[in-house]
Amino acid sequence: LIGDFNLENIIASAAACSALGIDPLTIDSAVQSFEAPNGRQEVIATSNGPLIMVDFAHTANSFENILPEIRKRTEGKLIHVFGAAGLRDSGKRPEMGKVASFYDDIIILTSEDPRTEKVEDINRQIKDGISNEFLNETEDGKNEGKVVYEIDDRKKAIEFALSIAGSKDSVIITGKGHERSMNYGSGEVAWSDQEVVKDYLKVISH
């Protein structure tokens, strides 16, 4: 577990357990052995490659918690794949873009349960909050500055992020986390950020 927010959660949990009279050694053992749930700061390890993390963060506040921690651990570029859910709170979208552009070097906007909204409309609202120092680029990955890409197909967006990541970079894929389905407006279809990453890594390892 990383980040001050997790430390605060642990302290609060330990205090509650202590108030209930649970033995301190039992509390300590639980903290030491705890593993984060799937899709929460889930690192998909690669040997001598970039840090690749899948996380459920899908609000500006959750971005403020996780992105600075990844930023501190990244020597190279921080590459961030995310979108925003359709038919949900649209007011958060520019705020997500604002926070992301403060910490990220490369932003790749994509689908994230768009439902019946157009992905390009959702991403346009996110871009309203993204700093003007970010350039809009085509899908070539050659720009050296801060760049924002729009790749509606989430599978292609994740694969693109991984394809341009160097060994000192970090790739964080947020919004879906533990979820195993995607909604494009006509019901749920099977989906997994983790499986897309793992399948891509298998291909390039052969």
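This briefing walks through the sheet, the helices around it and a few loop residues.

The model is predicted, so local features need pLDDT of at least 70 and side-chain atom pairs count only at pLDDT 80 or more, while totals for chains, interfaces and linings use all residues. Residues are numbered from 1 along each chain as its sequence is written, and side-chain values use heavy atoms, with hydrogens and water left out. Helices and strands are DSSP runs numbered from the N terminus (H or I, at least four residues, for helices; E, at least two, for strands).

**The sheet**

- As a reminder, strands of a sheet pair through backbone hydrogen bonds, either parallel or antiparallel.
- S3 (residues 78-82) and S7 (residues 170-174) pair in the parallel sense over four bridges, and leucine 78 has serine 170 as its bridge partner in S7.
- S3 is also joined to S4 by four bridges, again running parallel, with valine 81 partnered by isoleucine 108 in S4.
- S4 (residues 106-109) runs parallel to S6 (residues 147-150), with four bridges joining them; leucine 109 has glutamate 150 as its bridge partner in S6.
- S5 (residues 135-136) is joined to S6 by two bridges, and these strands run parallel; leucine 135 stands opposite valine 147 in S6.

**Inside strand S3**

- How many residues of S3 are buried? Five of its five are, which leaves the strand mostly covered; buried means under 20% relative accessible area, exposed over 50%, and partly exposed in between (1.4 Å probe, protein chains only).
- Leu78, His80 and Phe82 point one way from S3, Ile79 and Val81 point the other way, and all are buried.

**Helices on the sheet**

- Axes are lines fitted to C-alpha atoms, for helices over the stretch in contact, and angles run from 0 to 180 degrees between N-to-C directions.

**Helix against helix**

- Two packed helices are described by the angle between their axes and the distance between the axes.
- H3 (residues 60-72) and H4 (residues 92-103) pack at an angle of about 10 degrees, with axes 9 Å apart.
- H3 and H4 are therefore roughly parallel to each other. The cut-offs are under 35 degrees for roughly parallel, over 145 for roughly antiparallel, 65 to 115 for roughly perpendicular, and oblique for the rest.
- Ala60, Phe63, Glu64, Leu67, Pro68 and Arg71 of H3 meet Glu95, Met96, Val99, Ala100 and Tyr103 of H4, where contact means heavy atoms within 4.5 Å.
- Those contact residues of H3 and H4 divide into eight nonpolar, no polar and three charged. Here Ala, Val, Leu, Ile, Met, Phe, Trp, Tyr, Cys and Pro count as nonpolar, Asp, Glu, Lys and Arg as charged, and the others, Gly among them, as polar.
- The axes of H4 and H5 come within 6 Å and cross at roughly 55 degrees, and H4 and H5 are therefore oblique to each other.
- Their contact uses Arg93, Pro94 and Gly97 of H4 and Ile122, Gln125 and Ile126 of H5.
- The residues of the contact of H4 with H5 are three nonpolar, two polar and one charged.

**Loop residues**

- Glutamine 41, in the loop between H2 (24-33) and S1 (42-43), has phi near 55 degrees, a positive value in a residue other than glycine.
- Buried or exposed: which is glutamine 41? Glutamine 41 counts as buried, at 14% relative accessibility.
- Arginine 115 lies in the loop between S4 and H5 (119-127), also has a positive phi, near 55 degrees, and counts as buried at 18% relative accessibility.
- Serine 90, in the loop between S3 and H4, is partly exposed, with a relative accessible area of 37%.
- The C-alpha atoms of serine 90 and glutamine 125 are separated by 7.8 Å, although the two residues are 35 apart along the chain.

Terms used. Pairing = 2+ DSSP bridges.
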